Amino acid sequence: MSSINRTASVHRQTGETDVRVGLDLDGQGKGQVSTGIPFLDHMLQQICSHGLIDMDIQATGDLHIDDHHTNEDVGITLGQALGQALGDRKGIVRFGHFIAPLDEALVQVVLDFSGRPYLVYGLEIPTQRVGTYDTQLVREFFQAVVNHAQMTLHIRQLDGINSHHIIEATFKAFARALRMAIEIDPRRGSVIPSSKGVL
């Protein structure tokens, strides 16, 4: 565990949503999550549990219209919190990767806290909804995180026919890749992990 305080607290309020995210990168995987979107809550809990990040996410939004604004703004605020908690990114591993199975689904996630936001999204989700959740919102969530955490993220579906399994495998793989990337590298010390000296 890092001796540096790698925590963040971000409050984002718009005419459409009110989102608060608190996180501790060196946590134990504890999550208090309430967005008003049950399936998103379930996926965010995967990030906590498998990323070993303590997160408190509380959101309210215009769900009477649809889930889009709340889903996106949670992603934005989580991305901002990740960026805040990482600071100048000294000493971190920086890169992370994981391949997660969930029954027939297999998803690969590779990420880099590069300072350059870029998403390559390769999911082919066969249904438009999982429960009441619009599966198009998975991409919107990750795009928002990527943009505001300043990371490069590649998501590749290797197998899968069940929408729930594909999405959950993605969040689990993302969590484990994230955990790898944000770990403190004992050989790097307090050096920024870039030949340029800045990220």
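A: Happy to! Keep in mind that this is a predicted model. The protein chain has four helices and ten strands.

Q: In what pattern do they follow each other along the sequence?
A: Reading along the protein chain, you get β-β-β-α-β-α-β-β-β-β-β-α-β-α.

Q: And how compact is the chain for its length?
A: The radius of gyration is 16 Å, close to the 16 Å that the globule rule gives for 199 residues, so the chain is as compact as a globular protein of that length. Along its principal axes, the C-alpha trace spans about 45 × 40 × 30 Å.

Q: What share of the residues is buried?
A: Buried residues make up 50% of the 199 in the protein chain.

Q: What about contacts between residues at least 6 apart in sequence: what share joins residues at least 24 apart?
A: That share is 76%.

Q: Okay, let's go inside. How many residues are in the largest nonpolar core?
A: It has 58 residues, and those with the most contacts inside it are L23, L78, F113, L153 and F174. Helix α4, residues 163-182, gives the most to this core, with ten residues.

Q: Pick L78 for me. What is L78 in contact with?
A: If you set aside neighbours within four places in sequence, L78 is in contact with V21, L23, L44, I47, M55, F141 and V145. One of those partners, L23, is also on the list of core residues with the most contacts.

Q: What about L86? Where is it, and is it buried or exposed?
A: L86 is in helix α2. With a relative accessible area of 6%, L86 is under the 20% cut-off, so it counts as buried.

Q: Which residues does L86 touch?
A: Not counting residues up to four places away in sequence, L86 touches R6, L25, I92, F113 and I182. Take L25 from that list: L86 and L25 are 61 residues apart along the chain, yet their C-alpha atoms are separated by 8.3 Å.

Q: Nice. Could we try a strand residue, say A59? Which strand is it in?
A: A59 sits in strand β4, residues 54-61. Its relative accessible area is 9%, so A59 is buried.

Q: And which residues does A59 touch?
A: Leaving out residues up to four places away in sequence, A59 touches D18, V19, S34, T35, G36, T70 and V74. A59 and D18 are 41 residues apart in sequence and 5.6 Å apart in space, C-alpha to C-alpha.

Q: Switching to loops. Where is E16?
A: E16 is in the loop between β1 (7-13) and β2 (17-24). Its relative accessible area is 37%, which makes E16 partly exposed. Beyond residues up to four places away in sequence, E16 touches T60, G61, D62 and H69.

Q: How about P38 and G131?
A: Those two are 93 residues apart along the chain, and their C-alpha atoms are separated by 9.1 Å. P38 is in helix α1, residues 38-51, and its relative accessibility of 58% means that P38 counts as exposed.

Q: Where do R94 and D103 sit?
A: R94 is in the loop between α2 (68-86) and β5 (95-102). D103 lies in the loop between β5 and β6 (105-112).

Q: Are they buried or exposed?
A: R94 counts as buried, at 10% relative accessibility. D103 is exposed, with a relative accessible area of 64%.

Q: Last topic: the surface and the charges. What can you tell me?
A: The protein chain exposes about 9300 Å², and carbon and sulfur atoms supply 48% of it. As for charges, there are 17 positive and 23 negative ones, and their mean positions are 11 Å apart.

Technical notes: Residues numbered from 1 in each chain as written. Predicted model: local features only at pLDDT ≥ 70, side-chain atom pairs only at ≥ 80, totals over all residues. Heavy atoms only, no water. Helix = DSSP H or I, 4+ residues; strand = E, 2+ residues; numbered from the N terminus. Rg over C-alpha atoms; globule rule 2.2 N^0.38 Å. Buried < 20%, exposed > 50% of the residue type's maximum accessible area, 1.4 Å probe, protein only. Contact = heavy atoms within 4.5 Å. Areas by Shrake-Rupley, 256 points an atom, 1.4 Å probe, with all protein chains shown as cover. Lys, Arg positive; Asp, Glu negative; His and termini not counted. Charge placed at Lys NZ, Arg CZ, Asp CG, Glu CD. Core = buried A, V, L, I, M, F, W, Y, C linked by side-chain atoms within 4.5 Å.
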